[in-house]
Amino acid sequence: MATLALSGADLRALPGVPSDAVEHGEVFTRRWVVELILDLLGYTSDKDLSEVRLVEPACGEGAFLGVIASRISESCRARGRAITDAAGSVRAFDLLSRNVSQSRARVEEQLIADGWGRDDAQQVAHAWVERGDYLLQKDSGHRADIVVGNPPYIRLEDVPDARMSAYREACSTMGGRADIYIGFYEVALRSLKPEGKLGFICADRWMRNQYGRKLRQLVTRQFSMDLALVMHDVDAFQEQVSAYPAITVISRRAQGVAVAADATHAFGESEAREFLAWRETTDERSVENRAFQATRLDHWFPGEDSWPAASPARLAVLEDLGERFRLLEDETTGTRVGIGIATGADKVFLTDNPDLVEDDRLLRMAMVRDTTSGTIHWNGTYLVNPWNSEGELVDLADYPRLSSYFRLHSGVLRKRYVAVKQPARWYKTIDKVDHRLVPRAKLLFPDMKLTIHPVLDEGELYPHHNLYFIVSDAWDMRVLGGLLLSKVAEAFVEAYAVKMRGGTLRFQAQYLRKIRVPDPEAISADDKAALADAFDKRDAKAATEAALSVYGLTELPD
């Protein structure tokens with residue numbers, strides 16, 4: 001089966017899709033794609049496949065099983081084995097009795113076509129395929145050398161409550177709004193024997209979305225991510241669907257060399273063979289043609305945070321920079337990334353009236369609109385500030401105008417969650433004000449922007465929560481600003497961030513922290529001057545040229 005980013009209504013709109021396929025998220029895979037996945041797993045007839053334990057979690061109408069049967073048949077013939085010797089070599093599951101029958105028939109037809117007797121073919125087909133819920137099988141029932149297939153992609157809210165609860169209990173990675181295929185990955189990975197391999201074609205969103213976090217953690221801690229072949233534009237399925245698929249190969253061993261690849265619409269059966277030949281028979285680090293580009297990485301990207309999404313060539317550069325340079329946020333240089341203040345009631349806490357309350361209860365605020373030009377142009381917004389310099393709430397009795405203003409708006413302020421939890425502190429903002437931040441030079445970043453947009457505040461304003469900031473003990477902020485204005489820095493954010501409609505990027509703290517930077521002391525005087533000058537002039541092209549020099553790069557691949 002194919003994994004689909006489709007609702008039930010989407011599936012019903014597909015011609016020829018049975019109504020019971022809607023509930024189970026079914027659309028099927030082209031044979032050449034199946035052949036490619038099995039080849040990538042090393043499941044080939046030159047091996048004694050009767051001794052290899054293969055499991056398919058959701059066999060559908062047998063797209064994978066037909067090819068598997070052909071390969072096992074050839075393997076047995078070459079070794080003088082009876083086909084019944086492989087009766088225990090495959091275990092395939094499906095929830096639909098219709099699919100079980102069709103898959104058995106497909107295996108039987110293939111084996112008879114290969115010259116085996118009907119009785120033996122029926123015996124093997126019935127032994128291989130059974131009706132059952134893969135996610136709820138006991139672990140001992142499907143220990144595997146190989147797990148292969150296309151787990152169904154069904155939104156969890158479309159699953160009946162009782163089954164959903166059972167799935168959550170069985171699959172610890174299925175938190176939040178996780179889709180069903182997350183559980184298939186988890187159960188399959190845990191079932192692998194040492195050196196065993198998983199090969200799925202599945203939606204690749206789990207590599208970046210929040211609901212895939214626990215699965216990414218499982219993979220990076222216990223398995224090796226061997227290959228990710230993105231196939232968004234490839235005609236991989238029997239129906240035209242928007243599934244955003246990728247082939248992933250993951251093995252139960254320490255992380256080794258990984259292949260990152262991206263296929264275009266021109267990728268088909270012959271191009272798949274070409275890709276396989278590159279991966280299996282050459283030592284070339286990278287390859288690029290009209291149908292695909294691919295690169296070998298020394299290892300996969302660590303951690304449970306979103307894995308980067310970029311062209312293979314750019315991923316190779318990001319991996320190289322990750323090996324050679326430190327993270328932007330770093331204790332050694334005292335560099336910190338943060339977010340501005342959230343109030344929970346901006347209409348009350350923000351004002352442009354300089355006479356609203358006592359002078360020392362007004363804090364000049366940096367807003368997104370103040371950063372638009374690339375330099376700070378303060379538009380006159382103040383925070384009505386309930387915090388003193390020690391980080392404690394002021395006593396309203398000491399500030400009659402502030403007290404009168406807050407009490408005028410107490411109905412709004414007291415309804416906020418933060419005030420309901422702490423009713424005696426009903427006039428607090430969600431975040432405290434850190435007065436030490438105000439006089440520090442800081443780079444400000446609007447949350448949403450088409451391109452990276454660092455803006456320098458010399459130490460006059462306090463950032464609003466739609467702005468992220470960077471402060472540092474070691475960096476000249478104009479030099480760092482030039483580095484962060486470059487396309488090299490933007491490449492890190494672009495690879496990790498969620499891209500909004502129209503190509504807008506989110507420059508949030510978790511993405512800014514992914515940026516790698518050199519030791520500021522290791523940058524030459526000429527490069528420092530070039531970066532600072534590019535920042536002052538808002539010249540992203542010049543900043544990129546200087547950054548390439550600093551990073552030791554000749555170019556930044558698309």
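Which strands does helix 5 (residues 97–113) lie across? Strand 2 and strand 3, and helix 5 runs at about 170° to strand 3. Angles here go from 0 to 180 degrees between N-to-C directions, with axes fitted to C-alpha atoms, for helices over the stretch in contact. Contact means heavy atoms within 4.5 Å.

Ground rules. This is a predicted model, where local features need pLDDT of at least 70, side-chain atom pairs need 80 or more, and totals for chains, interfaces and linings use all residues. Numbering starts from 1 along each chain as its sequence is written, and side-chain values use heavy atoms, without hydrogens or water.

Now the overall picture. The protein chain has 20 helices and 22 strands; these are DSSP runs, helices being H or I of at least four residues and strands E of at least two, numbered from the N terminus. Its C-alpha atoms fill a box of roughly 95 × 55 × 40 Å along the principal axes. Of its 558 residues, 56% are buried, meaning under 20% relative accessible area with a 1.4 Å probe, protein chains only.

Ten strands form an open sheet with mixed pairing, in the order 3-2-1-4-5-7-6-8-10-9. Strand 3 (129–131) and strand 9 (286–288) each have a single partner strand, so one side of each lacks a neighbour in the sheet. The twist averages 15° from one strand to the next. Pairing takes at least two DSSP bridges. Strand 9 and strand 10 (residues 292–297) run antiparallel, joined by three bridges. There, Glu288 stands opposite Gln293.

Last, helix 4 (residues 63–79). Helix 4 lies across strands 1, 2, 3 and 4, at about 170° to strand 2.

Technical notes: Buried < 20%, exposed > 50% of the residue type's maximum accessible area, 1.4 Å probe, protein only.
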